[in-house]
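Welcome! Take a moment to look over the sequence and the 3D picture below, and then we will walk through them together.

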Amino acid sequence: MAVEQKYRKSTVLTYILYFVGSLTGLQHFYLGRDFQGFLYLSTLGGYGIGTLLDLFRLRRYVADANEEDEEMALYTLSKKLKKPSWGLERAFYQTITGTLYSLVACGCIDPQ
């Protein structure tokens, strides 16, 4: 399932924010990386070193932010369905788990 376009973070806008306010961490606040944005705000871009490194890392940060949005959309969809997933694998693991619990219960019973 693809994320709707309005929720995706833009690489172009991220780079614009980088060039406008990289020392204050604007690009990190936009991408939802609030802790890192606060660190950049309080240290003026990681003393300048973090700002230079961000020039190469921003594409990955945008990809990570969009991936998190997609995961959140899938999580929200699964909560709306409220149906457990059924399948052969789940039935197999339920059978194994039930068997192990019954063996433990039988081991706890005194044979006398």
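## The overall layout

Which pattern does the protein chain follow when read along the sequence? The pattern is α-α-α-α-α, and the secondary structure comes to 5 helices and 0 strands. Here helices (H or I, at least four residues) and strands (E, at least two) are DSSP runs, numbered from the N terminus.

Before going on, please keep in mind that this is a predicted model, where local features need pLDDT of at least 70, side-chain atom pairs count only at pLDDT 80 or more, and totals for chains, interfaces and linings use all residues. Residues are numbered from 1 along each chain as its sequence is written, and side-chain values use heavy atoms, with hydrogens and water left out.

## Surface and contacts

The protein chain has 112 residues, and 21% of them count as buried. Buried means under 20% relative accessible area, exposed means over 50%, and partly exposed is in between (1.4 Å probe, protein chains only).

Contacts tell us how the chain meets itself; a contact means heavy atoms within 4.5 Å. Among contacts with a separation of 6 or more, 47% are between residues 24 or more positions apart.

## The nonpolar core

Which residues make up the largest nonpolar core? There are 7: Y15, Y18, L31, L58, Y61, V62 and A65. A nonpolar core is a set of buried Ala, Val, Leu, Ile, Met, Phe, Trp, Tyr and Cys residues joined through side-chain atoms within 4.5 Å. Helix 1 (11-21) and helix 4 (49-81) each give two or more residues to this core, and helix 4 provides the largest share, 4 residues.

Let's stay with Y18 for a moment. Leaving aside neighbours within four places in sequence, Y18 is in contact with Q27, T51, L52, D54, L55 and L58.

## Rings in pairs

The structure holds 2 aromatic pairs. Rings of Phe, Tyr and Trp (its six-membered ring) pair if their centres lie within 6.5 Å; planes under 30 degrees apart count as stacked, over 60 as edge-to-face and the rest as tilted.

Y18 and F19 form an edge-to-face pair, 5.1 Å centre to centre with 75° between the planes. Y18 counts as buried because its relative accessibility is 6%, whereas F19 is exposed because its relative accessible area is 61%. The other pair, F92 and Y93, is also edge-to-face, at 5.4 Å centre to centre and 65° between the planes.

## Charges over rings

The charged end of R33 sits over the ring of Y61, 3.8 Å from its centre. K9 lies over the face of Y30, at 5.2 Å from the ring centre. A charge sits over a ring if NZ of Lys or CZ of Arg is within 6 Å of the ring centre and within 35 degrees of the ring normal.
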